[in-house]
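Me: Got a structure I'd like to talk through with you. Can you have a look?

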2 protein chains.
Amino acid sequence: MTPEQQAVATANEAFYDALTNRDLPAMERLWFPADWAECVHPGGVALRSWDEVRDGWALIFTGASTVMVAATDVKVHLVGDIAWVSCTERLASTIDGRMTTSAAHATNIFVRHDDEWRLVLHHASPVPFVAPPDSGGLVN
Amino acid sequence: MTPEQQAVATANEAFYDALTNRDLPAMERLWFPADWAECVHPGGVALRSWDEVRDGWALIFTGASTVMVAATDVKVHLVGDIAWVSCTERLASTIDGRMTTSAAHATNIFVRHDDEWRLVLHHASPVPFVAPPDSGGLVN
C-alpha cells in the first residue's frame with residue numbers, strides 16, 4: 001500500500017472501531033455530514049443524508065445487542081480525492097448473552113476533506129460465512 | 001441533474017439494459033477492465049478483477065433464468081473523475097416460465113476514462129420489497 005492508501009485503511013479501521021465501541025462522537029468525526037451521505041446496513045434499505053445516517057447509528061448504539069467487527073480482505077483504491085474500500089466484515093453479535101457470528105461484504109467510499117479521509121457511503125450486505133484464511137478448513 | 005451527472009445516469013441505465021438483454025459485449029464496453037474492478041451480486045461474495053467479474057456475467061447470461069431490471073430512486077454523485085450511483089433495483093426474474101419479483105439496493109462506482117464513464121464497482125444486495133411510489137400502497 002502507498003502512504004495515501006494506508007491513510008484510507010486507517011480511517012476504515014477507525015470506522016470499525018467506532019462501530020465496535022458504540023462510539024457516536026467518533027462516528028460523527030469520521031463521516032462527512034453531507035445530505036448525499038448514505039448508509040446501507042445488511043438487509044436494509046438506504047439511509048440517505050447525514051441526519052438519517054446519524055440517527056441510524058444512534059439507534060444501533062442504544063439497542064440491546066453489542067457487536068464486534070473486524071475488517072478482513074481489505075482492498076483500497078484511490079483516485080484523486082476519492083477512495084473506496086472493499087472488505088469482508090466478520091461480525092460477532094451478542095444479544096441477551098448469546099453470541100452469534102456472521103459475515104458481510106462492505107463497500108466504503110471516502111472523500112478527502114482538509115487532508116482527512118471522511119466516510120460518505122457505507123454499503124454492507126450479508127454474505128455466506130467464510131472460514132478464516134488460517135483455519136485450515138477446520139472452522140467454518 | 002447537471003449534464004455530467006446525466007452522462008453518469010445514462011451509463012448506469014446502459015448497464016441495466018445490458019443486464020436485462022444478457023448482452024456480454026455491452027458489459028465489456030461498459031466496464032473498465034482493471035484488476036481492481038469488483039462485482040458483488042445479491043447475497044454473494046465479491047468477485048475481484050475484471051476477469052472474475054466478466055466470468056460472473058457470462059455465467060449469469062448463459063443460465064436458465066432471465067431477468068428484467070429497472071433502476072429507481074437513482075442518485076448520482078460526482079467528484080472529479082469518479083462518480084457513484086445509488087439506486088433501487090426492481091427485478092423480475094423468470095425461471096421455467098415462473099415469474100418472481102424482488103428488489104436490491106445497488107452502489108455503482110464509475111471512473112471517467114477518455115470522456116466515457118466506465119463501471120469499476122457494482123455492489124447489489126437484497127432489500128425488503130418496497131411498493132412502487134405511485135401504487136398508493138395497493139401494491140406491495
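Me: Which residue in β5(A) is the bridge partner of A:Thr88?
Reply: A:His105 is the partner of A:Thr88 there. Strands here are DSSP runs (E, at least two residues), numbered from the N terminus. This is a predicted model, where local features need pLDDT of at least 70, side-chain atom pairs count only at pLDDT 80 or more, and totals for chains, interfaces and linings use all residues. Residues are numbered from 1 along each chain as its sequence is written, with chains lettered from A and ligands numbered from 1 in the order in which they are written.

Me: How many bridges join β4(A) to β5(A)?
Reply: 14, and the two strands run antiparallel. Strands pair if DSSP finds at least two bridges between them.

Me: And what's in the turn of that hairpin?
Reply: Two residues lie between β4(A) and β5(A), and A:Asp96 in that turn has a positive phi of about 50°.

Me: What about β5(A) and β6(A), parallel or antiparallel?
Reply: Antiparallel, over 11 bridges. A:Val111 sits opposite A:Arg118 of β6(A). These strands form a hairpin too, with two residues between them, and A:Asp114 in the turn has a positive phi of about 50°.

Me: Switching topic: how many residues of chain A are in contact with chain B?
Reply: 25, touching 25 residues of chain B. Contact means C-beta atoms, placed from the backbone, within 7 Å.

Me: Which element gives the most to that side of chain A?
Reply: β6(A), with five residues.

How values were computed:
Contact = placed C-beta atoms within 7 Å. Helix = DSSP H or I, 4+ residues; strand = E, 2+ residues; numbered from the N terminus.
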